[in-house]
Amino acid sequence: MEKIKILWADDEIDMLKPHVMFLKEKDFDVTTATNGDDALDFIRGNHVDIVFLDENMPGISGLDTLTKIKEYDSQIPVVMITKSEEERIMEDAIGSKISDYLIKPVNPNQILLSIKKNLDNKRLIREKTTSGYQQQFREIGMTLSDRLSLAEWMEVYKKLVYWELELEKSKDEGMSGILDMQKTEANTLFSKFVERNYTDWVNGRNGEPPVMSHTIFKKKIAPLVSKDDSTFMVLIDNLRYDQWKMIQPVISEYFRVEDEEMFVSILPSATQYARNALFAGLMPSEIEKRFPALWKHDDSEEGKNLHEEEFLADQLKRLGKDVKMSYNKITNHASGKKLADNISNLMNNNLNVIVYNFVDMLSHARTDMEVIRELADDEAAYRSITVSWLQHSPLLDILQQVASKKAKLVITTDHGTVRCKTASKLVGDKNTNTNLRYKQGKNLSYEKRDVFEVKNPADIFLPRQNVSTTYVFAKEDKFFAYPNNYNYYVNYYKDTFQHGGISLEEMLIPFVVLSAK
């Protein structure tokens with residue numbers, strides 16, 4: 001194995017010979033320099049793994065040398081060493097992206113620890129992460145064998161997401177593969193759990209029902225809204241819990257998380273149903289009954305989410321919330337910029353609802369566009385694009401302005417999405433809807449083990465287009481495929497992100513209350 005190459009630049013390097021000898025005895029390759037110019041010349045002509053740099057040298061200073069090193073190669077770790085504890089010097093060094101900071105006199109163990117932190121940290125983190133998940137793997141596996149409550153399922157899902165993100169950072173593909181298998185097992189058992197309990201939940205049987213799409217506003221958001229201040233509710237369409245955990249550090253620069261929970265998307269876990277239910281505070285069949293002219297069935301050519309503002313206004317009235325409200329739906333960059341430019345005018349409203357559609361468009365674009373499929377090749381890339389989007393989107397500008405005005409903020413979603421891997425054959429007539437994760441129609445033929453079937457839509461408050469309408473919801477990572485042209489269909493849709501069915505990713509979704517820092 002090639003030795004680690006260290007450059008140590010200090011005008012008093014002769015006094016540091018014991019340290020240099022210590023490192024050489026530890027089998028490091030150490031080169032010394034007595035000034036910044038010589039250090040830079042060596043770096044330009046040789047590979048260096050890490051630099052120890054004295055802050056106070058004749059000629060160009062340590063800080064100037066640091067700047068030039070970073071200009072040449074920003075990835076070289078530089079450890080600043082100084083006699084001074086002056087705050088200004090520390091701030092200048094840290095602002096110039098040093099990797100560590102040591103104050104003279106240093107001892108050999110400090111040097112060794114700094115090398116390990118900067119060069120061996122990835123291996124150490126990977127080993128720690130792997131051993132941590134190995135222990136949790138057994139615990140999660142034992143938990144899955146129990147008859148879990150919904151709250152326990154939420155905790156299991158949080159743990160799986162946590163370890164998925166940690167293993168992703170550690171680049172341990174072997175353990176990531178084991179986690180994928182455990183997630184698959186969890187989704188199989190969760191699907192059975194939902195199948196057993198969903199009808200009771202929506203009918204309020206067997207105890208207190210969980211917070212779901214049609215009750216989240218009444219139970220969690222309405223209590224935050226008052227005439228004394230302004231609350232912003234940002235609904236990011238199709239935002240999974242793991243995506244929320246990825247964008248949380250970006251948002252946490254401006255906000256503190258006051259409350260983070262999960263709630264349950266109704267079925268179908270699709271925008272037309274779940275988001276309308278959220279804004280109306282009603283289940284889909286109840287919306288159809290109350291607003292017969294506004295509810296649109298799956299076979300309608302019209303948009304299915306065109307009346308959310310009317311639904312919300314009606315819900316606020318039913319809840320006795322006589323407040324000033326705004327509603328904005330953002331479907332492209334230009335409309336986002338326009339809203340960002342207008343945020344100050346919204347501060348007089350008690351409730352400002354912003355529906356942001358990017359993540360949903362990303363999942364559809366990934367299905368339909370080869371270039372997006374390549375950019376979001378797997379779960380990690382899909383999450384990464386979500387983070388990149390937020391960092392460069394008008395939404396971040398909007399959130400910064402909300403924070404500066406000290407307004408309250410709620411971030412949530414309508415449903416998640418699951419990466420579909422397994423085709424399940426289904427046959428339906430020409431009026432059967434096109435969604436890959438749920439179907440409604442008459443005379444449907446399907447693999448019963450792959451679905452949660454609802455013969456009577458009224459049992460779960462879903463509209464019925466005709467007397468023999470049946471709904472079926474794909475479980476786990478299944479997606480429906482027609483026998484005609486089956487292979488083409490499967491190859492085209494396999495590994496795409498879809499929603500509408502039953503999975504942890506689609507149904508257990510984030511609800512977060514934040515306050516400005």
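**Sheet and helix notes**

I started with β8 and found that six bridges tie it to strand β9 (residues 351–356), the two running parallel. Helices (H or I, at least four residues) and strands (E, at least two) are DSSP runs numbered from the N terminus. Strands pair if DSSP finds at least two bridges between them. Ile330 sits opposite Tyr356 in β9.

I noted that this is a predicted model, where local features need pLDDT of at least 70, side-chain atom pairs count only at pLDDT 80 or more, and totals for chains, interfaces and linings use all residues. Residues are numbered from 1 along each chain as its sequence is written, and side-chain values use heavy atoms, with hydrogens and water left out.

Next I looked at the whole sheet: six strands, open, in the order β7-β19-β10-β6-β9-β8, with mixed pairing. At the edges I found β7 (255–264) and β8 (325–330), each pairing on one side only.

Then I turned to a pair of helices. The axes of α14 (residues 333–340) and α18 (residues 394–404) come within 8 Å and cross at roughly 15°. Axes are lines fitted to C-alpha atoms, for helices over the stretch in contact, and angles run from 0 to 180 degrees between N-to-C directions. That makes α14 roughly parallel to α18 (angles under 35 degrees count as roughly parallel, over 145 as roughly antiparallel, 65 to 115 as roughly perpendicular and the rest as oblique).

Which residues of α14 meet α18? I listed His333, Gly336, Lys337, Leu339 and Ala340, which meet Pro394, Asp397, Ile398 and Gln401 in α18 (contact means heavy atoms within 4.5 Å).
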